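Please read the points below with the structure open.

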Amino acid sequence: MKFLKNLGLVLLLVLVLVAWVMLPWVGALGLAVLLALWMFLTRRGAQARSVTGVGVSTLPQRIGSSAVIVVGIAGVVGVLVALLAMAEGYSETLRKSGSEDTAIVLRGASAAEVASVMTRDDITQIGQAPGVAKSAKGEPLLSAETVVAANLPVKGTKTDEEGSVQMRGVGDEAFAVRPQIRIVAGRKFQAGLKELIVGQGAARQFEGLEPGKQIRLGSQMWTVTGVFASGDSMESELWADAPVVADTYRRGASRNSVTVKLTDASAFKEFKAALEANPQLKVDATTTLAFFAKQSEQMTKILRIIGIVVGSIMAVGAVFGALNTMFAAVATRAREIATLRAIGFPGLPVVVAVMLETMLLAAIGGIIGGGIAYLIFNGHSASTMAAGSVGKLSFELRVSGQLLWEGLKWALAIGFIGGLFPAVRAASLPVTTALREL
Amino acid sequence: MKYLHLIWAALFRRKLRTVLTLVSIITAFLLFGLLDAVRTSFDQAGQSANGASRLQTGSRLSFIQTLPMALTQRLQSVDGVKLVTYANWFGGAYQDPHNQVFSFAVAPNYLDMYPEMVVTDQAKQAFATTRIGALVGEGLAKRFNWKVGDKIPLQSTIFPDRNGSKNWQFEVVGLIHAADKKSSGWYDQLFLLNWKYFDDTTPYNQGAVGWYVTRVADANQADRVAKAIDAISANSDHETRTQTEQAAMASWMKQVADIGLIVSSIMGAVFFTLLLLSGNTMMQAVRERTSEIAVLKTIGFSGRSVLAMVLAESVLLLVIGGVIGLALASVIGPAVSAGSGGTLRLPAAGLNSWATGVGLMVLFGVIVGALPALNAMRLNITDALAGRA
């Protein structure tokens, strides 16, 4: 009989947790309103309210053991939110790099820009395809770019440790195709000279990327003339004049990729179809939005999995900590609860009261954990070798409202499990036994 | 030691509470074991004796830039160099361009350089004589269900052949078996093809080499040899950069992720939580036993031995939980790696992790037990027996 009851409890728990995971915040709000209505409008609810009141009012006396629940859950939520914020920040940075009304064209079957080669002919033909926006002078808005990797000394290392940074050879058109780029310090590079501008992210990671300084690429010296900002993955790159880059890296007249501005988002279909129908071209066209989304997919998934696995293991630890504390709390209040039941309180209000108390502590823990993660990690910059690129991508951790809500949901779920068993035990202990218990 | 049964009895006085606390400790050390193993495997990447005596020479400009073939002879003649080999990226992908395979075109003597890769003589022979032959890592073969003798198409995401087609044909002639799964598991995902076939077929290469690998006779001479190699092409249009494989690997890993920071901040949060949980349990346990401790003191136990017993109890609690947790980590890591077919690599907790882990267990046991133990030591017998403490 006892076994069946426990089995039932566990099944209930699983059902509740599954439903809880699916629940949007509106649903949670609805639940809270329903609970409040029940507590204020029905007799049972009123009883539950008064028992909860007693429990909560004695919380300060049990501050040590209650703090265990709060801090334990804050730890879980903080770690979880920080790790998920990493995934969020990474995919956000790449997502912002793309838009629906620009398209990137690569040689067929090239997974990354650096592996693609475009000849002069290809580039001219792409410009003539329908759907490409025209400049005021009537020329197609198209930017043919060379993408290479450059080795530069990494900031903050004692030895001459070098990291890889993506370098892009561009012309004036590149700025027309990507209007989000703006120079924040210094000036643009001059065509034909060994000058370059650096993204803010790259400047943060590598040594010597300040306007006016010279850096060494291979056997040649280049001058940094400016710093640019764009808020996306381009910020991790160095930009210089395309012919000069192509010359340094022995690329001749070929380029790696072509980015075009489309007349509008709906023109993409026509543009892609025209390129595919052209027998002289063997290229793949993708909107930049799809291109960058695809690149971020894998890494975001891995980061999320790490976050959830680590969070789950920690959550198990926190659940048992909460169980421990609540069992102890119920045990110290066993007499009081038994007295309530002896004078006619049914089991339900007692269960609700213990559950509410635990969930309250859990919610406080969740808010503290999320808050700490927000304060420490929101905007914290991290970097990794990005998929499909040949340089380090620098990005900022982003603690969004959605993530904070997700963290709070975890906290409440932990509180629910941690409170359920002690609550049921409190309500089902025979009154006589409980009254006799010391 | 003679009080072990007393300590043991005290520890399991309230079974439910002890078990719940144990589970919290177990999860904390499970997490510690898994994360520390990841951290050490990142730290130790390439840190073998072989890694220290092999030098990688690539273009100073960037890792995608090629070097002239003609360097081979000049590298060979550098004093202290025993063996020179070279390779090139192939950028292979199977079926879908996003299904990337670690594929290199390698010189005929490439395998001599890497004792970590075990290949049968028969397979070596077949690789040398079959133009389109390929040696495939065991893990990779398993992933795509390839067998020796299979003809497989691979597209290169970089190199087309003379007709402009990027579909290449290969024949699997042998498997690569990683000698030591733990430290060199990555060889198990390699795809090696003949450099000659590659160089003849693609019009884009023309005798260029992706990178050279040289073995030095004496690892202590590695620095000098690296400098000598870089001096050969200094101020030319193909300057080189030479590092030991060990150093190259370490700096590469650092670019992929700053693992140390992430791991240590998680561990900090985990242990802070853990300390609090078990500290609370110990406080409860000692508070409950106030009168028992008074009795112990009455029959002649000194304050110090009571202190020692309570401390021993909390250390024992931490050690039991910690050992179970680390043992679980040692089992789960390899199981996950095996289950994911090599895409996810979680090494087992090594000797180092165990040593650190045990140190942490004892340390936390002492910290957690300190306050309750002091309380127990200072306990006044008369007050305690009268129920005033």
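**The interface and two elements of chain A**

1. The area buried between chain A and chain B is about 4400 Å², and carbon and sulfur atoms give 62% of that area. Buried area is the accessible area (1.4 Å probe) that two parts lose on being put together, summed over both. A:R250, A:I313 and A:N324 supply 13% of what chain A buries against chain B, more than any other three residues.

2. This is a predicted model, in which local features need pLDDT of at least 70 and side-chain atom pairs count only at pLDDT 80 or more, while totals for chains, interfaces and linings use all residues. Residues are numbered from 1 along each chain as its sequence is written, chains are lettered from A, and side-chain values use heavy atoms, with hydrogens and water left out.

3. To the contact, chain A brings 55 residues and chain B brings 51 residues; contact means heavy atoms within 4.5 Å.

4. A:G379 lies in the loop between α12 (347–377) and β11 (381–385) of chain A. Helices (H or I, at least four residues) and strands (E, at least two) are DSSP runs, numbered from the N terminus. Leaving aside residues up to four places away in sequence, A:G379 touches A:E396 and A:L397.
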